[in-house]
Each structure stands twice: as structure tokens, then as C-alpha cells.
Amino acid sequence: MRRYSAFAIAREAARYHTGWERAWASPEPKKKYDVIIVGAGGHGLATAYYLGKNFGITNVAVLEKGWLGGGNTGRNTTIIRSNYLQDPSAAIYEKARSLYETMSQDLNYNVMFSPRGVIMLAQTHHEVRGYLRTAHANALQGVETQFIGPEKVKELVPIINIDGPRYPVLGGLWQPRGGTARHDAVAWGYARACSAMGMDIIQKCEVTGVRRDGDKVVGVDTTKGAIDCDKLGIVVAGHSGVMAEMSGFRLPIESLALQALVSEPIKPCMDVVVMANTVHGYMSQSDKGEMVIGGGTDGFNNYTQRGSFHHVEETVRALIETFPMISRLKMLRQWGGIVDMTGDRSPIISKTPVDGIFVNCGWGTGGFKAIPGSGWAMAELMAKGYSPLANEFGMNRFAEGRFIDESVAAGVAH
Amino acid sequence: MLTLQCPYCGVMADETELSAGGEAHLKRFGPGSSDAEFETYMFMRENPKGVHFERWRHANGCGKWFHAARCTTTLEVFGTYSAQVSEPPQDIKDAITAKRPGWAWREFA
Ligand SMILES: Cc1cc2nc3c(=O)[nH]c(=O)nc-3n(C[C@H](O)[C@H](O)[C@H](O)COP(=O)(O)OP(=O)(O)OC[C@H]3O[C@@H](n4cnc5c(N)ncnc54)[C@H](O)[C@@H]3O)c2cc1C
Ligand SMILES: [Zn+2]
């Protein structure tokens, strides 16, 4: 792998950019790997990367049925924050956020991490109380957040209307080192680094079956033939239920459509991320100038990667009250992803009833921010059989009643 | 927009007139049930890519609960039926078999 640098740009400029190499190889699958990861989204690729980087396990294949990063990783609104309520969540999301700080240097790939700050608006008295509680919890967890009043919100977001009428802004939970990153670049950067370590990233290769010898996994069937492995990591977000069924166990997961949309590009007008959970909407401005808007999920199971139009309408209607100026914007594009929702709105990073199969899923509407921390924990779990970061997120927590309840605190959890 | 016919009042109801109630035909276990049974009832979900059975409520209409059989990959609706049954009636199963031969969903097929 040739490093990207200012020098490389100058060198290539001098020879008409003929020397750039492919960022990652596209090999045919081998007969056998130590580890197969299903799903080349951010979480799958990060798992592979940390298997190599932290544990020296590089005989790894990442199998992807479509194209790399074409799932939720390439469809999300890229909000990064770690101001969760429960301790296990704070630990893994803050680990992830801190890895984002140095990701561009670590991967030698510009992921455009922009710690511009995230505000979660409090628009009811319940929310004020809830966020005060979260701010106190975060202080104990070592996550830097602060509860700010409406004047400070207005100072940070001049385009906001804090006076209501229906939902006045009463304050907000402010995380100054939260922000956004370029979603595709996160997937591409990890893919390039994995490929450089000798791992095989195989696109257009759908896993169609899981082969077992008794209680142990021995390989997978794919559209490119059978491939053997010692360990299998299932990291397929919305398709987790489908993969679990192939493997012979069940998951407490439902797959729903979540949508986002962007406006026409306009001049810079908002340099922080604002989330309004009471009215189910959130917004940030991309580097291109588009207002990036997201809302809540549809209510019913769906694998079509498109949601219902009235959800977009509801989201925008709610946001217009808080940001009156967006009523004049034309919306350019709208899309959907299939998110994997658990009962307590927290992820699953776990061993499974099948020996050698590990699962990482349930990130639902909010897993982009978690990619590096999740990959770190999943790699440790797969390599050593135990990971302190992943420990509380085992799939048996539902039977044991040990929920990591983030649904109350997070509302719209992006 | 998803449109379902309410089997009670007969209205072809748009999604905005309905509220989704999640997976249908969950088996509830009584007091003294095992942890595994309770977990299955409370959290485990079929979540199929294909034929699915669900509960819906005609919330902004007659207010009644009913069942729907639907495909989660195409959003095609196979039919709606009474809430007072613990498995899909034969005509719904036949309608699904005509369009999706070999479908399976828990013990009903
Ligand atoms: C509209 C929207 C907005 C969002 N906004 C945010 C946000 O602001 N902040 C945030 O933190 N999170 C957000 N999220 C959530 C976030 O996108 C996801 O949690 C995260 O990207 C999941 O990453 P992943 O790698 O687990 O899944 P994915 O990126 O979906 O990757 C899974 C991959 O597995 C592949 N796959 C599936 N089945 C198979 C098979 N049988 N064989 C081979 N490959 C298979 C898929 O093709 C896919 O590429 C949002 C999601 C959506 C949809
Ligand atoms: Zn009705």
C-alpha cells in the first residue's frame, strides 16, 4: 500500500495522476480462512481491521453481497456522539468517539472527522430532567457533556427558533467533541487498511448458507462457492435475522426502514449538529452545504430500503417549527436503510449457541458513531473469547433481564 | 403508501390511518413458565425476509385490531383477517401459497 501524503499528490500531479493504485484488491476467495466476516459495512470492516492490528490475525475474508459500504454505513446521517445514559454504552461509544479523533492518521485515509459539537434539544420539562440526569451520568463516566440553557443554544445555532410555539427550546445536552465524519471514507479507509494487511475483501459474494459440524461452524456457502473457516463473524445489520436463521438460532431483532434526506446546497448556516428528539428530527449541514435531515423509523418490518413518505413529511414538518428558514429549501434526495432494532435499543456483540459463530448487530438507528469501538470489541471477543467492552452486550441479557435500556434516554437514537 | 383493508369495517385504510402492532400469533406463556419461554414471547422475533404475519389496529377508523399477511421484501399484501384467531385462516394460507410456493413461518405453512 502506497501512503497518501502531500508528497504523493505532488508526485502524481507531476505525472498526470497515472500512478495512483487501487485502494484495495478484489481477489477471488481462497478455500479456507481463519476468520470469515459476513458484511463489509463499517462494523464488519472495523472488526477485520482490529483482528489484524490488535491480534495479528490476518488470514481473514470479509464477504459482502453488494458493494462495500452499500448498506447502512453508506446511508446514514453520520452523527457521532457518546452521551448515552448507561455505563456499558458510554464505555463503548466513547471508545469509538475517541478512536474517530485519530482515525484519519491511523488509517492514512481522510475520514473528515469533524468534532463540531452535537446538541440534543430539550423541548419538554421531561427532557430537561432526562438530559440533566444524562449530563450527571456522563460526568461520572468521563464523557464530556454539559447541560446548556436556551440562550447558549441560540448562540451556537443562530438559525434556531427557541420560542416555540408548541415546543420551545428549554435547553440542551451539549457534547462539544461530538460531530460527523464522511461515512463512505470510514468504510473505504478500513477496507484499504485491511487489504494492505493481506485480508481478502470479496464483494458481490452473498452468503447463502452456514455449514456446521454438529455445534461447530466449519464454513459458509456463497454465490462464489463454499468457503471454509474456523470462526465466523456475522455483521450484517438489517439482515441479522436472516443470517441467524441460516445458522440455526434466533435473535431478538426486528428490521425496519429508517430514512434520511438532504436539501439543495446552501451557504454555511449551521456549524453544529442539532437533534430534536421530542419532535423526532435532527439536522446538520454537510461540507457541500446540504442540510442533512433524519427522523424516526417506520413502524413495520421491511427489507425494501425505502420507507413511507409520510415519515419524511412528519420529520420536516416538525423541524420547520424549530428552524423556520428551512421551509424555503428544496429537498434533493431521500433514501432508506434497513435498521436492526433490539428490545432495549442497545446492540448485541456476542457469542452464539453455535461454537465459532459470533454476532455483532442491533445497532439500529445509531451505529455509525460506534464503528471503531464496536470493531475493537468484536475483534477482541473473536480473538480471545472475552472483551470487557462487549461483555454487557451479550445476547443472553434478554433472558436474564439485564437490559441496557437506551430507548428512554435516547429517543431518536442516532 | 401501504394500504390494508380493515376486515371489520371494510375500509381500504392508508398506513396513516393505521398503527402497526408488531408480530402476530405470539404464544404467551403463563405464570411458572421458564426464562426461555418468557424470552421467546417477549423478545424473540421471526423478522422474516418474505412472508410475514402482523397485528395492526385501525386506529384512526373503527379502532379495531386485526391481522395482516404481508411480504416484507415487496410490501405486497396477501390479505387481512380477524384478530380472534391464533393462526392464519386457510384462505389466507392458500393465497400465500399461490404466490410464494414453499413459504414457511413458524409452525404454520
Ligand atoms: C437513514 C439512516 C440514518 C442513520 N443515521 C445515523 C447517525 O446519524 N449516526 C449513527 O451513529 N448511526 C446512524 N445510522 C445507523 C448506522 O448507519 C448503522 O448502525 C451502521 O451503519 C451499521 O453498520 P453495519 O456495518 O453494522 O451495517 P451495514 O453498513 O448495513 O453493513 C452490513 C452489510 O452486510 C451485507 N450483507 C447482508 N447480508 C449479507 C449476506 N447474506 N452475505 C454477504 N453480505 C451480506 C450488506 O450488504 C451490508 O453491506 C443511520 C442509519 C440509517 C439507515
Ligand atoms: Zn376498521
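Colleague: How much of chain B is buried?
Modeller: Buried residues come to 37% of the 109 in chain B. Bear in mind that this is a predicted model.

Colleague: And what's the fold made of, in order?
Modeller: Chain B has two helices and six strands. Starting at the N terminus, they run β-β-β-α-β-β-β-α. The radius of gyration is 14 Å, close to the 13 Å from the globule rule for 109 residues, so chain B is as compact as a globular protein of that length.

Colleague: Switching to charges: how many positive and negative side chains in chain B?
Modeller: There are 12 positive and 14 negative ones, and the centres of the two sets sit 2 Å apart.

Colleague: Which residue does B:Glu46 pair with in a salt bridge?
Modeller: B:Arg106, at 3.2 Å from N to O. B:Glu46 is in the loop between α1 and β4 of chain B and B:Arg106 in the segment after α2, so the pair ties together parts 60 residues apart in sequence.

Colleague: OK, chain A now. What does A:Arg397 bridge to?
Modeller: A:Asp344, with 2.8 Å between N and O. A:Arg397 lies in helix α11 and A:Asp344 in the loop between β16 and β17 of chain A, so parts 53 residues apart in sequence are tied together. A:Arg397 is buried, at 0% relative accessibility, and A:Asp344 is buried too, at 3%.

Colleague: How many salt bridges over all chains?
Modeller: The count is 25.

Note on methods: Residues are numbered from 1 along each chain as its sequence is written. Chains are lettered from A and ligands numbered from 1 in the order in which they are written. This is a predicted model: local features need pLDDT of at least 70, side-chain atom pairs count only at pLDDT 80 or more; totals for chains, interfaces and linings use all residues. Side-chain values use heavy atoms; hydrogens and water are left out. Helices (H or I, at least four residues) and strands (E, at least two) are DSSP runs, numbered from the N terminus. The radius of gyration is taken over C-alpha atoms; the globule rule is 2.2 Å times the number of residues to the power 0.38. Buried means under 20% relative accessible area, exposed over 50%, partly exposed in between (1.4 Å probe, protein chains only). Lys and Arg count as positive and Asp and Glu as negative; His and the chain ends are not counted. The place of a charge is taken as NZ of Lys, CZ of Arg, CG of Asp or CD of Glu. A salt bridge is a side-chain nitrogen of Lys or Arg within 4 Å of a carboxyl oxygen of Asp or Glu.
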